[in-house]
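Here's a quick tour of how two protein chains sit together. Have a look at the structure first, then read on.

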Protein chains: 2
Amino acid sequence: MSKIAVIGIGPGSMADMTQRAKAAMENADIIMGYNTYIELVKKHFPGKEFLSSGMTREIERCRLALQKALEGKSVALISSGDSGIYGMAGIMLEVVNHSGIGIPVEVMPGVTAASAAAAILGAPIMHDFVVISLSDLMTPLEQIYKRVECAAQGDFVICLYNPKSKSRVDYIEKARDIVLKYRETTTPVGIVRNAGRENEASDMATLTNMLDFEIDMFTVVIIGNSKTYFENGRMITPRGYDL
Amino acid sequence: MSKIAVIGIGPGSMADMTQRAKAAMENADIIMGYNTYIELVKKHFPGKEFLSSGMTREIERCRLALQKALEGKSVALISSGDSGIYGMAGIMLEVVNHSGIGIPVEVMPGVTAASAAAAILGAPIMHDFVVISLSDLMTPLEQIYKRVECAAQGDFVICLYNPKSKSRVDYIEKARDIVLKYRETTTPVGIVRNAGRENEASDMATLTNMLDFEIDMFTVVIIGNSKTYFENGRMITPRGYDL
C-alpha cells in the first residue's frame, strides 16, 4: 500500500534507533533523506532503494516522496534525531495537506539530539528545559534572541541546536551574552559534537570560556540552570532530591 | 563486570525502545525500576531478575542499584521515556557521587514523552519548545508558574509533563490562564494520554476548551505557539517553509 513514514533515526548509530524505525525502513520500498543521513544508514539496509538530496531541498524532497507514494511505493522519509523536532514531519504533512491528496503519513519519533548529548554529558536536562535552534534561515534573528532571553529569565536549562555554521559564527556568542545577564559566569555548559556518531566528542565548559571550544553545526550546546554542576566528569542538573 | 546502566525505555512499547536499550536490558543481571515501568517490560525479558519499587522511592532504588553493582551484578535501572529527562539518570549519578564509590554509570537515552505525544498529534514541536513539569513535589510552585510565563512570553511551543494528579487538579488551569495572557483563545492544544501504551488516546483542543478533556498524570499537554494550527486532524507548527 502506498504510504509515507516520516522516521526519526536517532543520533546516527543503529543502536540508538528504535525498533519501530528500523522495521519501517526495512519494509519500505524507498528510503529518502538528506545526503548526510542517507550515508549514515545506507550500509545497514543493503539492497534498498535510496534517494538523497541536499540541505534546503526539503520541500522538493517531500514532493518527490508524495509522488513516489502515489506511484504505489511505501516511502520512508528519514530525519536524524526525532523527525518531529526540526525534522521532516511538519513539512511532509504540510506538503500532503497542500496537495489535497489523502496519502497516509505516519510520524515515528526518535531520540532527539538533546537527549543524546545529555546522556553523554551525564544528566544535564533532568529539570525543565528549552530547545532553541540558532539557525535564522527561516526564523527572524530577533525572535531567536528573544527566546534565549525568555529561557534565561525562566532559569531553564537551555539546549541550543545549530549553534554555528560557516555563515553564522557570532550568534552563539550573542546568545551566551544574553544568558550572562541572568546567570553566573561559572554556569556549566556542556558541548557535544557528533553525538552518537563517529568522532563523537564533548567538552565541559562554563559561560565564560565556552567560546574557546570547538562548536560547529553538528554540535549541541547545553547551558545549565542556576543549580547545574559538574562532578566527577559529569554534568548534573539536580531534580531536587535530598540525599 | 559490575556496572549500572540507566536506561530510557521510551514511551512503553518494545517497538519504541532503542536497540541499545533492549540489548542492555537483555545483558543485565537485574532490571530495576518503578512498578509501573517494570510491569510494562517484564513479559519481554523472560527469566530476568526484576526489582521494582513505588514512586517517591527513587533514592532508595538508586542505593539498592549501587549495592547490587557492588555485589558484582550488572544493573539496568529503567525510566520511561528518556532516562535523562525527569528520569533516573541524575539521581543515580548523584547517589554514586555521594557514595564516593567509583562504579561506572552509563546513561542511555530514549524517546521522551514529548516526542511520542507529538508524533501522535502530527508535528506540533517542529519549532523551539519548552518542557515543563507541573509537579511541585520538588519544585516551588511559583518557579513552575514563572517558567510557564517565560515560555508564553517567548512564544515557545509548551510541552507540559505531569499536568495533573489527584492532589494537583488546578495547576493546569492556572498554567492555561498564564498562557492566555499572551496567546489567542483559539491557540491549538494537543492532549495525549498513554502515548505509546495501551489505551493511547488524544484530543485536539484549544486554550479555551482544553480543560473539558481528560487530563491525568499519564497525559502530555502540548500548547502550540502563535503559528500552530490544526489541519486534516493533525496539529502542525510550521517551521517556516514557503509552500
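How many salt bridges does the rule find across the interface of chain B and chain A? There are six salt bridges across that interface. Keep in mind that this is a predicted model.

**How the two chains are arranged**
- Rotate chain B by 180 degrees, with 0.0 Å of shift along the axis, and it lands on chain A with an RMSD of 0.0 Å.
- That's the relation of a two-fold axis.
- Both copies use the same surface: 100% of the contact residues of chain B turn up again in chain A.

**Where the chains meet**
- Chain B puts 69 residues into the contact, and chain A puts in 69 residues too.
- Together the two chains bury about 6,500 Å² between them, and 56% of it is on carbon and sulfur atoms.
- Three residues to look for are B:Arg147, B:Tyr241 and B:Leu243, which supply 12% of the area that chain B buries against chain A, more than any other three residues.

**Polar links across the interface**
- One salt bridge to find joins the side chains of A:Arg147 and B:Asp128, at 2.9 Å from N to O.
- Between chain B and chain A, 38 residue pairs are in polar contact, counting pairs with both residues at pLDDT 80 or more.
- Helix H4 (residues 89-99) of chain B gives eight residues to the side that touches chain A, which is the largest share.

**Cysteines without partners**
- Over all chains, the structure has zero disulfides.
- Take A:Cys159: its nearest cysteine sulfur belongs to B:Cys159 and is 13 Å away, while a disulfide needs the two sulfurs within 2.5 Å, so A:Cys159 is in no disulfide.
- A:Cys159 has 0% relative accessibility, so it counts as buried.
- B:Cys150 is in no disulfide either, and its nearest cysteine sulfur, that of A:Cys150, is 6.2 Å away.
- B:Cys150 also counts as buried, because its relative accessibility is 4%.

**A closer look at B:Ser83**
- You'll find B:Ser83 in the loop between strand E4 (74-79) and H4 of chain B.
- Is B:Ser83 buried or exposed? B:Ser83 is buried, with a relative accessible area of 0%.
- The side chain of B:Ser83 reaches the backbone oxygen of B:Met108 at 3.1 Å.
- Leaving out residues up to four places away in sequence, B:Ser83 touches several residues, including A:Met126 from the other chain and B:Val6, B:Ile7 and B:Gly8 from its own.

Methods. Residues numbered from 1 in each chain as written. Chains lettered and ligands numbered in written order. Predicted model: local features only at pLDDT ≥ 70, side-chain atom pairs only at ≥ 80, totals over all residues. Heavy atoms only, no water. Least-squares fit on C-alpha atoms with pLDDT ≥ 70 in both. Contact = heavy atoms within 4.5 Å. Buried < 20%, exposed > 50% of the residue type's maximum accessible area, 1.4 Å probe, protein only. Buried area = accessible area lost by both parts, 1.4 Å probe. Salt bridge = Lys/Arg side-chain N within 4 Å of Asp/Glu carboxyl O. Polar contact = N/O pair within 3.5 Å; in protein donor to acceptor, adjacent residues only side chain to side chain. Helix = DSSP H or I, 4+ residues; strand = E, 2+ residues; numbered from the N terminus.
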